[in-house]
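My entries follow the order in which I checked things.

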Amino acid sequence: MTTPGLLTDRVVLVTGAARGIGYAVAEAVLAQGGRVVLGDIDAPACREAAARLGGERAGAHALAFDVSAAAEVEAAHEKIAYRFGRLDGLVNNAAILDEGGVADTDPDRFEAVLSVNLTSMLRMTRAMLPLLRKSEDAAIVNTLSTQAFFGQPNTLAYAAAKGGAASVTRSMAVDLAPFGIRANGVAPGFVDTRMAVTSEGTHEHADPAFREFYLERRRIPLGRAGTAEDCAGAFVFLLSPLSAYVTGQVLCVDGGLSATY
């Protein structure tokens, strides 16, 4: 007898799913018996990612759109409504990285980063709410970062967005509970994705100072940077019935980084 997956027959939308953590989450949803809509602004990469997961026959559907554009988000809602009629899970994962501190962050750029990394969580949730309300057990999972809780040089806009996302997650949990919709967050630490590559083209985790401080000195207690696959299980848990009484929480997936000082 085949054991049903944790997400059997559930429909989950993952934004920023063409690569990195979003792709790993999409792959994990399929592995647990669900169907996944891969949303991403990069249309060719989005289609290629869905194809790599087996395409629509396997339950992987590509849907290219920009989470910072209200009209495109609404169009995505209409397409999902037509195809599936409901949505059981929404993973607000799309984000852009920005390097800049207080002195050199242009306010317009600051607003642009917040639009993608923070405001999109509200934009997406409002648009998908009618579909989520049709589910018997809907769940929203927002991707945060440990930068929501700690200061780090030259990440003003990114950190502000992720810090705001922690508060947004709690507010969503309270506001949406009467509809039976749970809202939680996952806060990855240092994870080996495209965002770990600096603007100079070097890999953050290969930097000698990073390796000495975070790995050799065990500032990350597990002694290594994480992978996108390390994060996927936390999303599956928060999307699944296993977390039926969990809402308004943020789960750090950081190798123990947030447990140290």
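**Entry 1: the model.** I am working with a predicted model.

**Entry 2: the helix pair.** I looked up helix α5, residues 107-132, and helix α6, residues 156-176. Their axes come within 8 Å. They cross at roughly 20 degrees. Angles under 35 degrees count as roughly parallel, so α5 and α6 are roughly parallel to each other. I also checked the hand of the crossing, and for α5 and α6 it is right-handed.

**Entry 3: the contact.** Next I asked which residues of α5 and α6 make the contact. From α5 I noted F110, V113, L114, N117, L118, M121, L122, T125 and L129. From α6 I noted L156, A157, Y158, A160, A161, G164, A165, V168, M172 and L176. I then sorted the residues of this contact by class: 16 are nonpolar, three are polar and none is charged.

**Entry 4: the pocket.** I turned to the second largest pocket. Its volume is about 170 Å³. The lining consists of L118, T119, L122, T125, R126, L129, V168, S171, M172, D175 and L176. Which helices supply at least two residues each of this lining? Both α5 and α6 do. The largest share, six residues, comes from α5. By class, I noted six nonpolar, three polar and two charged residues in the lining.

**Entry 5: putting the two together.** I compared the lists. L118, L122, T125 and L129 of α5 are in the helix contact and also line the second largest pocket. V168, M172 and L176 of α6 are in the contact and in the pocket lining too.

Notes:
Residues numbered from 1 in each chain as written. Predicted model: local features only at pLDDT ≥ 70, side-chain atom pairs only at ≥ 80, totals over all residues. Heavy atoms only, no water. Axes fitted to C-alpha atoms, helices over the stretch in contact; angles between N-to-C directions. Helix = DSSP H or I, 4+ residues; strand = E, 2+ residues; numbered from the N terminus. Parallel < 35°, antiparallel > 145°, perpendicular 65-115°, else oblique. Left-handed = near helix turned anticlockwise from the far one by under 90°. Contact = heavy atoms within 4.5 Å. Nonpolar A, V, L, I, M, F, W, Y, C, P; charged D, E, K, R; others polar. 1 Å grid on protein atoms, 1.4 Å probe; cavity = no way out; pocket = protein on both sides within 12 Å on 5 of 7 lines; lining within 4 Å. Points joined across faces, edges and corners; volume = space filled by probe spheres on them.
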